[in-house]
Structure formats: structure tokens, C-alpha cells
Amino acid sequence: MMYETVMDIDQLLNRLYAYQPEADLGMVRKAYEFSARAHEGQTRRSGEPYVKHPVAVAGVLTSLKTDVTAIVAGLLHDTLEDTVATADELQKEFGKEVVRLVDGVTKIGKITFRSSEERQAENFRKMVLSMADDIRVVIIKLADRLHNMRTLEHLKESKRHEIAKETLEIYAPLANRIGIGWVKNELEDLCLKHLNPDVYETLRVRVAKRDEDRQQYIQEVRALVENALAENGLVGTVNGRPKHLYGIYQKMKKQSISFEEVYDLTALRIITDTKMNCYALLGVIHSLWRPLPGRFKDYIAIPKSNLYQSLHTTVVGPKGEHVEFQIRTEEMHRVAEYGIAAHWKYKEQGRVQDKDSKAFGWLRQFIEWQQDLPDNRQFMDSVKLELFHDVVYVFTPKGTVKELPKGATPVDFAYAIHTEVGDHCVGAKVNGKIVPLKHEVSSGDTIEILTSPNQTPHKDWLKFVRTSRAKTKIKHWIKSEEQKRSLEIGRRLLEAEFRRHGLAPSQVSKSDALLELAKQEGYATIDELAAAVGFGHVATAQIVGRLIAPTSEKSTAPSESGPVSKVASGRGTAASVQVKGGRDLLMQLSRCCNPVPGDKILGYITRGRGLTIHSVECPNLGALDYDRDRLVEVEWDTATPGQHAVNIAVIAEDKTGVLANVSSAIAESDANISRAEITTREDRKAELDFVVEIADTNHLSRVLKAIERVDGVITARRLRSWRGKA
């Protein structure tokens, strides 16, 4: 349907009076005169006076049968942005409500929807929230966009493409969501005209020719239906349905079929007086011709979220051709044409009555969920998802209908019921049969969710859930659990580091000094600091180094000529090494290869620094072979257990929680982390470097296997030296 464009104020007033005789026509004329003065001297790209645009926008609003306030705001919608008129002037002349609507439309006009910038996303978020406050803001903006699309040919090609893409991406789906079908269809057809003019023109000509050729067949079907209605004493008007070129184009693309295959379908609409007669008419149609299986949809019993109601059926009509019927009442037809604009009754400040809140329930859900989406771009993506999706209608065991996007799963359904049901979902029954959680539900399914108090959300669910609500709740739970786990790991690492330096963990963990250090690092509490340690953002050595006194640091520092202190360095001790022959020598483990019990080792006598213990595989040891008299056979003293530091390098996927999960795996293997560092690579991989204290090579093997079992880990191996930053 395409309504005639209003060209002057008298036409506008006549159309308003036709559906609202009690309307304040004087206020509308006053708004027109104000707009004409404000835009005086301004012209559009076509060369016509600018005031013709707001009059045309107001004309679209009369086609939608909106109230006087919306029409006045439509006439004034560009005055705040494009003229010297002020909000105070508008308020004085037309009241606060008109100013609020004009201001809302002005703000929407400043949004560049295709931009990924945070600022535009924030503006989009404000627009969506304002829609719930007063839907007329968006209805006026849709009228503005529709007239702009009707006159788009006056802009240069690049600008036409930009506006058409934005319209197709945001405004057409938005019109569909609020139920204004004819605006959505016309916007899409106009987008096709400017984005793919050759296809548009070809389809337009072929549709017109096809309609002309098929008029006789359509009249034959109409006559048969009208006779059947009369015989059964039923009231009904039978008409053809308008053709939607973009819909035909999309069907050809998606199904890879020709125009003839798409268009080999006669479409008729029957409008009757009551809901009961809709079903009676359906029975008459099915008695005349055989219905096609799977092509019947009852949107009367289960209305769409935008309140659309109708019966759809396709039958094998005369001469074996397929004929599609839509059957609805006058009221249903009015809602299908005008959507929210027709259905909602406005009360104070443009809000809608509670009884009609179902019509925009999807938007109100966003108001509820936005608290869980701090990132504005995530919010924008979620809204786009809600605007675009095809829907299925499913039932709870008690018969309550739930609307879900096509491709949704039982997990989406569980979160649609309640967050607790989603979090504890362990399984599902669809129509009485157990199905996998990733099973795609279909319209008409009855779904029962099985729960367990021990079940928690799994990150794998994010791979198949479709709804914004489910994704948001799962991510929120995972983030919360990672925070808890990181806090636990961080506390454990800090306590171990405190003990190595002779500090009492119970006292230091609650000290003012540690709290002050946390604040200096940018954390409000000690727990936040500990969580940062668990995530690997802060090193324990860095914290303890700033806590202990310089004198204490000096007394515990490793001596250049003595054995390496386990407490001071965390690099292991030579106390568990025996020298064959019993020579009394000062010993230290080499830092170049970090040998641990289980490695084959040799000692090398250094000048002034005693015996340095190397792994036999150490490349530095090979360089010392020229002076073999200094090599000493040594072995591990298994009777003297100890902890030895090794360097472990892990390559993993760069995603949230990997460091915390690897740290947890190391801790659960009874190994202590004395240092950790993470580096992100350009190929979306992360390098995790750890210094871990283990007992021997068998213990090390267990640690490496535990790390490799962590989801997201690609490789885990021992390094002979630390490769992280100093």
C-alpha cells in the first residue's frame, strides 16, 4: 500500500478531520504557519520549498491516523535542528509534550546507525529507551524517513546508497516490529529501487505484466469464494493483496528460484466481521479446495509480538494453481495496516495503557536487560538482532505462549521463563521427548525444562543460544564465576608469596599497608587487588616487593657467592643435590637451565662461586667442555625433598578466563605459581608464562597434562629460562 503524498495544509486538515472530527484543526494550522516561517527561504535538493517536507511527513502521520499532538510535532520536527527556533518558543506556543516529541525526533536524526563508534551506539541506546517512553517519537521518525526515501532521487548516488542501506538495516525492521506493515514494505521497495535499480525495474515491469495476465484467473477465484460465502450466509470482502517487490526479490535469492516460481501464486485477502467468522471462512475455503500441508498459520490464536492477527492458508485452487488466503476481521486489518499507531491509546505524557503493553513487550525487555549490557555496542547489536529475527511460537506445559527467534533452543526458552530456570537447566522435553539442549524448536512445540540445583551455565551454550537475554545471562554468570575463581587464586598466590618472605598471611592480608598499596594500583579493595593477581594482571613479587622494608629485602636477597635461597628467589635450591665423592663445596642451581629432580645433572666448579648445577642438556654446559677437570658428577638427594622453580610456556586462545582456568589447573595439581605473565599476539593467541614450583619432573609432567586439559589451551611446555618481561 502506498498512500498519496499530502501536498498542502488544506489536504492535511481534511484528512485529519475525516478520522478525528473533534481534532483541534486550529492548532495544526498554527503549527504549519510556525514551520513555514521558520523554514522560510530554505529549499530541498529538488528545489521545492522546504516546508513541503514537514507537511508531507504530517500527511504520512494522518495515513497512520495518529493524534493531533503527533501531527503538530511532525510539522515542527526539523525546526529545532534546521532553523533558529528554540525549544522555549515551541513550548510557549505548543506545550511541553510537542517539544519532547520534536526533541526526540531531532536526537534520532543525529544517529549514524552504521557507525561502530561508542558515541553513536550510546545515542542508539537512548533512542530505544525513549521509544518505550513515547512510541510516537519513532512513528514520526518513520514518517520522516519514508518521505525522504520517496524523494531520494535528488541526492547523489553515494548518499542515496548510504541512506538506503541505513533504512534497510534499521528503519524497515523497526516499522515491522511496531506493526506498520505497509510502511515497512514501501521502505524496503524504495531501498531496492536505489540499491539495485536494474532488479527493481525488472521486477516492477514483470509484476505489472503478470498481474494484467492473471486478472481473469483472480476474478474467477473471487467469484467462487463470494458465491460460497453467500451460500453459507457469511459476510466477507475478497480482494487481491498488494505486491511487495523486495519480498519477491528476497524469496528468489534465498530459495534460488526464478521469478515465475515465486510468482506462481495468487494471493487474496478476505476481511469479515467477527473472529468466529474468520474460522468459518477458513472452513469454507478448505471445503472448496485442498489445503497444502504445513502452509496453515493461525496468527489469531497466537498473535505476533506486534499484535498482527490473521489466518494464513494456501490451497490448490482452480486449474491446480496455488492460491494463498489471508482471513481477518476489520479490526485485525486496521492493526495490520497501522500497527502500534492504530492500536495504542495514549494517556498522560504519551505513555500507553498497561493493557496494551504486550504490543511492545520486546522493547520493555530491553529496558530490563540493559543493566546487564554495560557495553553500548553490545546493546546495539542486541536490538538489531531483535529487529531482524523471524519468530517461532512455543508453549509452556501450562499452555502459555512464548515468542522466540527462529533457531532458538530449549536454553533460550528456559531463560525466557526465568533466569534461575536457565541457569539450572540440565535437559528439555519437546512434545514429551527428551532433546539435546542445542535442539532448534519449532512453532507449536510444547517445551518442558528439566532443572537441577547442581547445574550451572556452560560457556558452550553461547555457541547455540539465539536470544539476547540468554546470551547476556550466560555471560554474566561466567564473568561472575571467573571473578570468584580469580579472587581465590589471587589470595592463594599472595599467601604463598607472603610466606616465602616470612610474612604472616593472616595479618598482611588485612593490613592497612596492603589496602593502601591496592589503592595506589587503582583497586578499591584488597579483594579487587587479589582478583587482579588471579587474572594475571598484577605479579605477586611486585606487591610483596613494595610491602617489605628495604633492609628486609637486602637480608633475603640471594648472594652472588652463596647458594640460591629458595625463599628469596623462588628459583629452587641446591640443598637436594649430592656430590659424588663427598666434596664439601658451595652449590647453586644454574639459572640458565633450571634443573629439577628427575633431570640428569652435572656440576661445574666456578671461580669464586662454588659448584653450579646444570642439566646435562644445557647448551651452556657444552661450551664448558674444554675444561673438563672442573666438571663434577652429582645426583639428586631423594631423601631431601624440596620445591624447585620451572618455567612453563603456554599458548592458548585469546579469550576471557583462560589465564584463570590455567592458574586453577596448576593450583589443583599441588603446584605453586610464583610468577605469571600474559602476552597477546596479533593472531588472537595468548602466550602465558609461569614460574611454577614443583617437586620433580614427574610432578611437572602432571602439571603440564592438567594445563593441556584446559579448554582453549593449544600447547603447554617447559622452558629452560624465563622469557617474560623483567
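## A tour of salt bridges and a helix crossing

Start by selecting Glu-166, which is buried, with a relative accessible area of 11% (buried means under 20%, exposed over 50% and partly exposed in between, using a 1.4 Å probe and protein chains only). You're looking at a predicted model, where local features need pLDDT of at least 70, side-chain atom pairs count only at pLDDT 80 or more, and totals for chains, interfaces and linings use all residues. Residues are numbered from 1 along each chain as its sequence is written, and side-chain values use heavy atoms, leaving out hydrogens and water.

Glu-166 and Arg-145 form a salt bridge, with the closest N and O atoms 2.8 Å apart (the rule: a side-chain nitrogen of Lys or Arg within 4 Å of a carboxyl oxygen of Asp or Glu). Glu-166 sits in helix α10 (residues 157-177) and Arg-145 in helix α9, so the pair ties together parts 21 residues apart in sequence (helices are DSSP runs of H or I, at least four residues; strands are runs of E, at least two; both are numbered from the N terminus).

Next, pick Glu-162 and Lys-159, whose side chains meet in another salt bridge at 3.8 Å, N to O. They are three residues apart in α10, so about one helical turn separates them. Glu-162 is partly exposed at 41%, and Lys-159 is partly exposed at 35%.

Hop over to Arg-295 and Glu-324, a salt bridge with its closest N and O atoms 4.0 Å apart.

Last stop: select His-53 and Val-57 in α3, among the residues that meet α9 residues including Ile-140 and His-147 (contact means heavy atoms within 4.5 Å).
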